[in-house]
Amino acid sequence: MGRYVSIKGWLACEYEQVSVVKQEIEKVAKRASEYTLDNEIAERYLSAWQFPTSPLNWTSYIFFGADVRSRALNFIQEQIRSGISVAQEIEGEFFVDQE
């Protein structure tokens, strides 16, 4: 059995930015082989992201939560970095628990 890390967190932005952030996160998932992950695992980890489908008041929250193999940590970190790099105003917090 491999080592796992627990990753959980959120990003907060205006609803108009959600689709842009989502597209960037999906772009990283398409480059899974750069992180020594196959496409099936990348798709599984991509499903841990939850994106709002409509606006609710003034802030939209994007959530991520999953236990992933430790070798996928850089992959998830890059998804977060890429997502926040394209949003005009975004904030968030993520926690990583490793054995």
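What radius of gyration does the protein chain have, and what would a compact globule with 99 residues have? I looked this up before anything else. The chain has 13 Å, and a compact globule would be near 13 Å, so the two agree. I note here that the model is predicted.

**Entry: extent and surface**

I took the spans of the C-alpha trace next. Along the principal axes they come to about 45 × 25 × 20 Å. Then I checked the cover. Of the 99 residues, 38% are buried. The chain exposes about 6400 Å². Carbon and sulfur atoms supply 47% of that area.

**Entry: charges**

I looked up the charged side chains. There are 10 positive and 15 negative ones in the protein chain. I also looked up the centres of the two sets, which lie 8 Å apart.

**Entry: elements**

I listed the secondary structure. The chain has three helices and four strands. Read from the N terminus, the order is β-α-α-β-β-α-β. I then asked how far apart in sequence the contacts reach. I took contacts between residues at least 6 apart in sequence, and 81% of these join residues at least 24 apart.

**Entry: the sheet**

Strands of a sheet pair through backbone hydrogen bonds, in a parallel or an antiparallel way.

**Entry: strand E1**

I stayed with E1, residues 4–13. Is this strand mostly covered or mostly open? It is mostly covered, with seven of its ten residues buried.

I followed its pairing with E3 next. E3 covers residues 60–69. Ten bridges join E1 to E3, and the two strands run antiparallel. I picked out residue pairs to look at in the structure. Tyr-4 stands opposite Arg-69 in E3. Lys-8 has Gly-65 of E3 as its bridge partner.

Then I turned to E4, residues 90–98. How many bridges join E1 to E4? I found nine, and this pair also runs antiparallel. One pair I looked up is Ser-6, whose bridge partner in E4 is Asp-97.

**Entry: what I keep**

Key:
Residues numbered from 1 in each chain as written. Predicted model: local features only at pLDDT ≥ 70, side-chain atom pairs only at ≥ 80, totals over all residues. Heavy atoms only, no water. Rg over C-alpha atoms; globule rule 2.2 N^0.38 Å. Buried < 20%, exposed > 50% of the residue type's maximum accessible area, 1.4 Å probe, protein only. Contact = heavy atoms within 4.5 Å. Areas by Shrake-Rupley, 256 points an atom, 1.4 Å probe, with all protein chains shown as cover. Lys, Arg positive; Asp, Glu negative; His and termini not counted. Charge placed at Lys NZ, Arg CZ, Asp CG, Glu CD. Pairing = 2+ DSSP bridges.
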